[in-house]
Each structure stands twice: as structure tokens, then as C-alpha cells.
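Please look over the sequence and the structure below. The paragraphs that follow go from one hairpin to the overall layout, then to charged pairs and a surface patch.

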Amino acid sequence: MNRLSKEPIKNLFRYMYGGTGSYREAKMLKSNADVKGYPTSYIVAYKDGVRITVQEALKYVDE
């Protein structure tokens, strides 16, 4: 299963690793990316295809 995706942002691409509805799993994916050499990684959230803040997303998912 390919967990890597990308989306165009202006003249660049934003690469994303993984996808989940669980904040706990999102934190584990971020930790895994950090260990693999991407310490500036961060968690992003989407609702209905629109990017939202992680704080907003936490209203919709279980820990």
C-alpha cells in the first residue's frame, strides 16, 4: 500500500505520508516520518476535501 501522496501548491508540491481518521495514528505516522529523517514534518487535516486546522479536526475524530 502506497502511503505517500502529493498535492500541488503554487509552483511546488506538498508531499503527504499516510491518511487516517485517528489522531493517535496520525501522531504515530508523524513520529515515523521524524525517525526516517523528516523532523520538520507536521500533521494536516482535511474535511470534505478542504484543509482545516488540526484543532478543528479534533472535534470530528476520536483520540
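How many residues lie between β1 and β2 in the hairpin that they form? Two residues separate these strands, and Lys-10 in the turn has a positive phi of about 55 degrees. The strands run antiparallel and are joined by six bridges. Within this pairing Pro-8 stands opposite Phe-13 of β2, and Ile-9 stands opposite Leu-12 of β2. Strand β1 covers residues 4-9, and strand β2 covers residues 12-17.

The model is a predicted one. The mean pLDDT of the protein is 87, and 94% of the residues reach at least 70. Strand β1 has the lowest confidence, with a mean of 86, while helix α2 (residues 54-57) has the highest, at 93. Where pLDDT is low, predicted coordinates should not be read in detail.

Read from the N terminus, the order of elements is β-β-α-β-β-α. Along the principal axes, the C-alpha trace spans about 30 × 30 × 25 Å. Of the 63 residues in the protein, 13% are buried. The accessible surface amounts to about 5,300 Å², with 55% of it belonging to carbon and sulfur atoms. Among contacts between residues at least 6 apart in sequence, 28% join residues at least 24 apart.

Is Glu-7 buried or exposed? Its relative accessible area is 19%, and the cut-off for burial is under 20%, so Glu-7 counts as buried. Apart from neighbours within four places in sequence, Glu-7 is in contact with Leu-12, Phe-13, Arg-14, Met-16 and Tyr-46. One of these contacts, Arg-14, is also its partner in a salt bridge, with N and O 2.7 Å apart. Side chains of opposite charge can pair when their charged atoms come close.

How many salt bridges does the protein contain by the rule used here? The count is four, and the bridge between Glu-7 and Arg-14 is one of them. Another joins Lys-30 to Asp-34, with the closest N and O atoms 2.8 Å apart. These two residues are four apart in helix α1 (residues 23-35), so about one helical turn separates them. Lys-30 is partly exposed, at a relative accessible area of 24%. Asp-34 is likewise partly exposed, at 27%.

A further salt bridge is made by the side chains of Lys-47 and Asp-48, with an N to O distance of 3.8 Å. Lys-47 is partly exposed, with a relative accessible area of 33%. Asp-48, in contrast, is exposed, with a relative accessible area of 74%.

The surface also carries a nonpolar patch. Which residues form the patch? They are Leu-4, Phe-13, Tyr-15 and Tyr-17, and together they have about 440 Å² of accessible area. Strand β2 gives the most to this patch, with three residues, whereas Leu-4 is found in strand β1.

Lys-36 lies in the loop between α1 and β3 (45-47). Lys-36 is exposed, with a relative accessible area of 58%. In sequence Lys-36 and Leu-4 are 32 residues apart, and their C-alpha atoms are 14 Å apart in space.

Terms used:
Residues numbered from 1 in each chain as written. Predicted model: local features only at pLDDT ≥ 70, side-chain atom pairs only at ≥ 80, totals over all residues. Heavy atoms only, no water. pLDDT = per-residue confidence, 0-100. Patch = residues over 30% accessible without salt bridge, like charges linked within 9 Å, V, L, I, M, F, W, Y side chains within 5 Å. Areas by Shrake-Rupley, 256 points an atom, 1.4 Å probe, with all protein chains shown as cover. Buried < 20%, exposed > 50% of the residue type's maximum accessible area, 1.4 Å probe, protein only. Pairing = 2+ DSSP bridges. Contact = heavy atoms within 4.5 Å.
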